[in-house]
Amino acid sequence: MPLKPIGSMYFAVGLILILAVVLGWATFVDSQYGGEAAGFAIYKTWWFMALNGLLGLSVLASALTRLPWKKRHLGFLVTHLGILVLMLGCFITFRYGEEGTLGLAEGENSAVAVKKSLHFRIEILSNSGEIAQSWEKPFVPGPFSWRHYSHQPDETQPSPPPTEAERLPVFPWSLPATSRKKPVVLAQENLTLEVLDYCTSARLRPPKSAEEKPDVEGFVIEPLSLEELRDKKHGSSREEGLHFVKIRLTCDGNKFEGWLEAFVPDPMSKAPNAELHEIFTLPGKDRSVRVAFCADTIDLGFRLRLDRFNRRLDPGTSTPSHYSSDVTLLDVDDPTKVVQEDIRVLLNQPVDFADTKTGRVYRVFQSSFRGPFSFADPIFRKLTGGNFPRDHIYISWFSVSYSPGRGLLYLGCLFITAGVGIMYSMKTYFFARKSQSGNPNQNQSE
């Protein structure tokens with residue numbers, strides 16, 4: 001492949017213009033539907049990665065076409081090296097980084113962050129209750145309830161049927177690959193697991209009439225509307241709603257069709273521990289099959305306890321102007337052992353914690369909160385058992401991220417800044433300089 005056309009200014013400018021349009025579109029999608037939807041439709045697609053790959057190739061070709069390099073090329077080369085290092089750091093973080101959320105009520109502690117990805121845990125149990133065989137199958141539903149998509153595969157059964165106003169356009173939402181297009185999770189002899197429907201950020205409500213059939217424990221699952229999903233109060237983050245999947249499970253001629261709620265498994269225990277609607281067991285012949293719908297988790301290697309959530313309101317309003325969390329770092333294996341006290345996590349001041357087992361450094365951000373919940377709220381009694389020093393309680397949400405390419409990002413920015421400074425000091429690209437031949441544009445053309 002010839003390098004000169006790819007390394008030309010015209011190719012680079014055209015590619016940058018295309019990326020600028022795509023990024024503007026992604027910003028609009030983010031503002032309308034949230035960051036998860038923008039990642040699903042744009043940032044995490046193969047074609048967006050290909051555009052960035054072409055940009056990196058163009059930067060590299062632009063440097064190689066100037067061989068043999070001379071002293072006046074120093075600023076240009078350092079700047080382009082910085083761009084390549086920056087893009088490499090972004091790719092490493094995208095490929096190997098981890099992100100999750102950690103929700104803690106005051107007084108609670110945890111060493112597990114919840115990722116946005118989901119999976120099914122399927123186990124074959126013998127008559128004695130021992131696990132004879134097990135699978136973990138990834139589930140990629142996309143950021144919306146399936147009822148909102150314009151094209152519905154024959155296997156899915158959205159309930160209730162959406163109106164035209166509740167349907168998403170085909171482009172771009174139906175293009176990325178999701179489990180909606182391949183609803184069969186597991187297919188073996190006399191054992192099948194299929195997904196019929198999925199609801200994200202749903203709410204539970206009582207039936208409105210005797211004819212309306214309940215879905216879970218006497219309640220009807222009601223997914224949020226597109227208008228509600230656009231509302232920043234709801235967004236598409238998994239900590240702010242319930243997530244249900246409707247499955248059809250068959251085992252040795254027996255069949256179950258119903259809803260399961262996503263739950264967070266305990267990574268320290270392989271045995272599921274959840275409510276009835278979060279895990280289902282179907283008997284077969286000389287065996288039974290157990291299915292759980294789980295959120296993926298990150299074993300952080302450290303344990304945090306939320307001691308107190310702090311909130312300050314704008315004068316005369318109910319709008320918070322400032323909020324933060326006071327946390328304590330505990331031993332990951334012994335929650336009674338304090339490692340560090342009086343740690344404050346602020347909105348714009350994240351705190352780094354190291355995994356004691358792997359050495360990974362996780363950055364913890366203060367992201368959001370829920371509450372206050374008073375004694376009259378059922379969630380207050382559920383969280384505290386009715387025994388709490390104050391008459392209200394908060395739940396604080398933290399964003400947790402592991403970015404293995406962060407050092408390269410800083411290094412790339414340093415190279416770019418140094419390269420621009422070198423070019424400015426040498427006046428190679430910012431000012432025309434007459435050469436010995438008397439041509440003022442000779443250096444710029446080179």
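Q: At what angle do the axes of helix 4 and helix 5 cross?
A: Axes are lines fitted to C-alpha atoms, for helices over the stretch in contact, and angles run from 0 to 180 degrees between N-to-C directions. Here the axes of helix 4 (residues 46–64) and helix 5 (residues 74–96) cross at roughly 155° and come within 10 Å. The helices and strands are DSSP runs numbered from the N terminus (helices are H or I, at least four residues; strands are E, at least two). This is a predicted model, in which local features need pLDDT of at least 70 and side-chain atom pairs count only at pLDDT 80 or more, while totals for chains, interfaces and linings use all residues. Residues are numbered from 1 along each chain as its sequence is written, and side-chain values use heavy atoms, with hydrogens and water left out.

Q: How are helix 4 and helix 5 oriented to each other, roughly parallel or roughly antiparallel?
A: Angles under 35 degrees count as roughly parallel, over 145 as roughly antiparallel, 65 to 115 as roughly perpendicular and the rest as oblique. Helix 4 and helix 5 are therefore roughly antiparallel. Helix 4 passes helix 5 in a left-handed crossing, meaning that the near helix is turned anticlockwise from the far one by less than a right angle (clockwise would be right-handed).

Q: Which residues of helix 4 and helix 5 meet?
A: Contact means heavy atoms within 4.5 Å. In helix 4 the meeting residues include Met 49, Leu 55, Val 59 and Ala 63, and in helix 5 they include Phe 76, Ile 83, Met 87 and Phe 94. The residues of this contact of helix 4 with helix 5 divide into 12 nonpolar, four polar and no charged. In this classing, Ala, Val, Leu, Ile, Met, Phe, Trp, Tyr, Cys and Pro are nonpolar, Asp, Glu, Lys and Arg are charged, and the others, Gly among them, are polar.

Q: How far apart are the axes of helix 5 and helix 9?
A: The axes of helix 5 and helix 9 (residues 406–426) are 7 Å apart, and the packing angle is about 165°. These two helices are therefore roughly antiparallel to each other, and their crossing is left-handed. The contact of helix 5 with helix 9 has 20 nonpolar, seven polar and one charged residues.
Phe 415 is in contact with Val 78, Thr 79, Leu 81, Gly 82 and Val 85, leaving aside neighbours within four places in sequence. The C-alpha atoms of Phe 415 and Gly 75 are separated by 9.5 Å, although the two residues are 340 residues apart along the chain.

Q: Which residues touch the most other members of the largest nonpolar core?
A: In soluble globular proteins, nonpolar side chains tend to be buried together. A nonpolar core is a set of buried Ala, Val, Leu, Ile, Met, Phe, Trp, Tyr and Cys residues joined through side-chain atoms within 4.5 Å. In the largest such core, of 46 residues, Phe 120 and Trp 173 touch the most other members. Helix 2 (residues 9–33) gives the most to this core, with six residues. Another core, of 19 residues, lies apart from it and has Leu 104, Ala 113, Val 327 and Tyr 402 among its members.

Q: Is Asp 252 buried or exposed?
A: Asp 252 is buried, with a relative accessible area of 16%. Asp 252 is not a glycine, yet has a positive phi of about 55°. Asp 342 also has a positive phi of about 55°, but Asp 342 is exposed, with a relative accessible area of 76%.

Technical notes. Buried means under 20% relative accessible area, exposed over 50%, partly exposed in between (1.4 Å probe, protein chains only).
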